Amino acid sequence: MQDRKRSFSPGTSEIFWCRKCNLSLLSEDCSLCHSTGWRIPLSPPGDVRLCSRRGRDLLRELFLQNWGVEDFLDDRLILLNKIAGTDRRDQVILEGRHIATLWFDITVDRHRLDLEIAGAALLKERAKKNLVVCHDSILKGHIKGKWLAGDQIVSQPPSLEEGDSLVLRIGKFSGVGIVRRKYEAQAIRIKDVTQRDFVLSDRPTTLKDTILANEEHLKRLEREAIAGLRDYLSRSRLPVNISFSGGKDSLASLILARKLMPRIEVLFINTGLEFPETVEYVQKLCSDHKLRLHEIRGDSDFFEQAKIFGPPAKDYRWCCKTNKLGPMTSFLAGQYPRGCVTIEGRRVYESFNRSSIKAVERNPYVPGQTMLSPIRNWRALEVMLYIHWNGELPNPLYDEDYERIGCWLCPASMQSEFSRLKESHPNLYSRWNSFLHDWRQKNDLDERYVDWGFWRWRRHPPKITEMADSYGICLASWGGMKKEISLQAVRGRSPCGLEYSVEAVLTSPQNHPFSNVANALGMLGEAKYEEDMGAALLKTDKGRATVFANGHIMVIAGKEEAEELLQKVVEVILRVQMCTKCGICLKNCRRGAISLENTFIVDHERCNHCGKCAQGCIAIDEAKKILKGIGAG
């Protein structure tokens with residue numbers, strides 16, 4: 001349950017390039033010419049994908065704006081590889097070379113393009129703008145990282161702006177220069193140089209040829225996925241369905257499933273916040289393939305609930321419970337009372353939380369539902385090529401440069417996608433933006449808190465905190481927004497059967513991310529955190545509890561055990577949110593299972609659930625007083 005670092009590599013961080021066919025390869029061998037491809041290492045996690053139509057247009061605009069040329073992109077397959085950054089940040093790969101880095105600058109609400117050394121070699125003889133011609137004399141010694149002196153420059157642009165990415169022509173060498181301020185004046189710093197030329201192939205790259213070059217690899221992926229599905233389904237008598245969101249991953253899973261079950265039933269959760277194109281796409285695809293579609297709709301009014309809970313956040317996804325989990329649970333209980341097997345399209349490359357998903361898992365939040373993930377190890381490029389190989393067309397929103405095809409206001413989306421929403425769906429954007437600014441004004445927040453996308457976190461990550469500090473933006477303290485602590489509970493028989501249950505709602509400060517709460521619950525038993533659901537499932541020897549980021553708690557156990565478990569869960573939540581970092585718990589734990597960051601963190605490989613760390617804890621003593629005052633237990 002420890003927090004994962006902001007870098008992870010769940011699988012293969014490389015692709016290959018067939019120089020003979022001028023095509024990208026998913027594995028080492030080309031299916032067209034049977035030659036061995038050239039290895040291209042990728043920055044992790046390596047979830048490389050096809051550049052969309054709109055993404056290509058964007059690149060053309062930026063290359064033309066920055067260097068006065070863009071026609072070299074014609075008839076070329078472009079790949080994008082997402083890397084770490086404040087917002088969108090992609091390696092741009094052309095004919096196996098990393099030519100530029102595309103990123104979104106939230107401070108000015110627009111994309112930028114940083115040239116890489118392969119891009120400089122490509123543009124050395126093409127660039128019409130931002131080209132600097134240098135004397136060969138600078139090639140003596142090590143020049144990477146040095147500043148260009150005035151007498152070393154033959155010609156340069158008439159004006160320079162901070163951050164400009166420049167092509168350097170130094171005799172037979174190419175280089176990348178960056179405009180930076182030096183001693184109160186603009187100067188050019190050398191980022192990198194190379195003598196290696198980059199000459200584009202005369203052979204254009206097409207999607208059709210790329211699919212053919214990877215056909216053996218795609219067949220292998222399909223065989224393995226279908227074998228896994230067949231193996232499990234042959235041992236199960238439960239009804240089978242597929243969860244279809246309208247996105248590429250669930251489409252690839254649907255294609256696989258239909259090869260075993262041509263008339264498989266389809267489940268689509270229409271949250272009321274789906275893109276209209278997605279709803280239309282799902283309905284048409286199911287109609288075209290004569291598939292029975294169960295369109296599951298939620299009864300909740302998101303915008304009314306948002307007035308109460310505030311906007312959802314990456315670490316506070318209350319909307320998933322109300323708009324997804326609740327409706328799905330009710331539907332499955334009525335449609336499949338004995339349980340079911342659901343095929344779905346989650347992949348390990350999608351997020352840090354999903355990097356550990358298994359081929360077969362029981363859904364901890366939906367009783368009786370078993371989840372199968374046949375494409376869990378596939379990369380985005382493999383998914384898209386597989387879809388086209390099977391003659392299907394993905395959701396048209398991918399062509400519009402949307403990476404996520406989910407709720408149009410999801411906080412997990414990047415700020416670049418909200419900027420794109422402003423262009424593609426102005427009415428949807430206007431409605432959500434108006435709500436956010438109304439909420440911002442009520443909480444006396446800086447306009448940039450919304451405009452720069454800071455609303456997408458309850459507890460902001462270090463990179464966002466640093467940015468806010470550098471621009472003088474005060475980040476919201478959710479503990480300050482929600483000071484009152486209260487607990488409301490309803491008790492009775494469990495909706496799942498014979499056990500006693502308690503359903504409670506805890507209102508408490510939100511001083512730390514819900515992931516910290518999920519981590520701390522592991523002190524009570526076995527805890528599993530589902531980031532997408534904004535929930536943690538706790539199993540103990542006395543009962544089980546499901547805890548949601550919005551404060552909802554459901555406990556199922558014997559009557560006395562349920563009351564005791566509820567109290568312990570609430571104590572842990574308040575202990576996390578009210579931690580003073582006094583260090584008493586560190587001294588009490590002889591196993592070294594506790595560490596302190598913004599709040600206490602538990603190492604569950606060392607923790608033996610003895611509870612000694614709570615002895616003398618100032619926060620838990622205060623929590624017990626609060627609980628006594630509000631009638632818990």
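This is a predicted model: local features need pLDDT of at least 70, side-chain atom pairs count only at pLDDT 80 or more; totals for chains, interfaces and linings use all residues.
Strands of a sheet pair through backbone hydrogen bonds, in either a parallel or an antiparallel sense. Strand 1 (residues 14–18) is joined to strand 2 by 3 bridges in the antiparallel sense. Within this pairing, Trp17 faces Ser24 of strand 2.

Strands 11, 12 and 13 supply two hairpins. Strand 11 (residues 165–170) and strand 12 (residues 173–182) run antiparallel and are joined by 6 bridges. Ser165 has Ile178 of strand 12 as its bridge partner. The hairpin has 2 residues between its strands, and Gly171 there adopts a positive phi near 60°. Strand 12 also pairs with strand 13 (residues 185–194), again antiparallel, over 9 bridges. Here Val179 stands opposite Ile188 of strand 13. This hairpin too has 2 residues between the strands. Tyr183 lies in its turn and takes a positive phi of about 55°.

In helix 9 (residues 380–389), 8 of the 10 residues are buried. These are Ala380, Leu381, Glu382, Val383, Met384, Leu385, Tyr386 and Ile387. They pack against two strands, strand 4 (49–50) and strand 5 (78–82). They also pack against helix 3 (207–213), helix 4 (215–233) and helix 5 (248–260). Just after helix 9, Gly391 has a positive phi of about 75°. Helix 15 (residues 514–521) has 8 of its 8 residues buried, so the rest of the structure largely encloses it. The buried set is Phe514, Ser515, Asn516, Val517, Ala518, Asn519, Ala520 and Leu521. Their packing partners include strand 22 (526–530), strand 23 (535–539) and strand 24 (543–548). Helix 16 (559–577) and strand 27 (600–602) are also among the partners.

Salt bridges number 36 in the model. One joins the side chains of Glu216 and Lys219, at 3.7 Å from N to O. Both residues belong to helix 4 and lie 3 residues apart, about one turn of the helix. Glu216 is partly exposed, because its relative accessibility is 41%. Lys219 is likewise partly exposed, at 32% relative accessibility. Another salt bridge links Lys307 with Glu304, and their closest N and O atoms are 3.2 Å apart. These two residues lie 3 residues apart in helix 7 (residues 302–309), so about one helical turn separates them. Lys307 counts as exposed, at 58% relative accessibility. Glu304 is partly exposed, with a relative accessible area of 42%. Helix 9 contributes Glu382, whose side chain meets that of Arg379 in a salt bridge at 3.2 Å, N to O. Glu382 and Arg379 are both buried. Elsewhere, shared partners join salt bridges into one network of Arg53, Asp57, Glu400, Arg420 and Glu423.

Aromatic contacts were examined next. A pair of aromatic rings is described by the distance of the centres and the angle of the planes. The model holds 19 aromatic pairs. In one of them, the ring centres of Trp439 and Tyr449 are 6.1 Å apart. Their planes meet at 50°, so the pair is tilted. The pair links distant parts of the chain, 10 residues apart. Trp439 belongs to helix 11 (residues 426–442) and Tyr449 to helix 12 (residues 448–451). Trp439 and Tyr449 are both buried. One aromatic cluster is made up of Phe302, Phe303, Phe418, Trp432, Phe435 and Trp455. A further charge–ring contact places the charged end of Arg97 over the ring of Phe198, 4.5 Å from its centre.

Technical notes
Residues are numbered from 1 along each chain as its sequence is written. Side-chain values use heavy atoms; hydrogens and water are left out. Two strands pair if DSSP finds at least two bridges between them. Helices (H or I, at least four residues) and strands (E, at least two) are DSSP runs, numbered from the N terminus. Buried means under 20% relative accessible area, exposed over 50%, partly exposed in between (1.4 Å probe, protein chains only). Contact means heavy atoms within 4.5 Å. A salt bridge is a side-chain nitrogen of Lys or Arg within 4 Å of a carboxyl oxygen of Asp or Glu. Rings of Phe, Tyr and Trp (its six-membered ring) pair if their centres lie within 6.5 Å; planes under 30 degrees apart count as stacked, over 60 as edge-to-face and the rest as tilted. A charge sits over a ring if NZ of Lys or CZ of Arg is within 6 Å of the ring centre and within 35 degrees of the ring normal.
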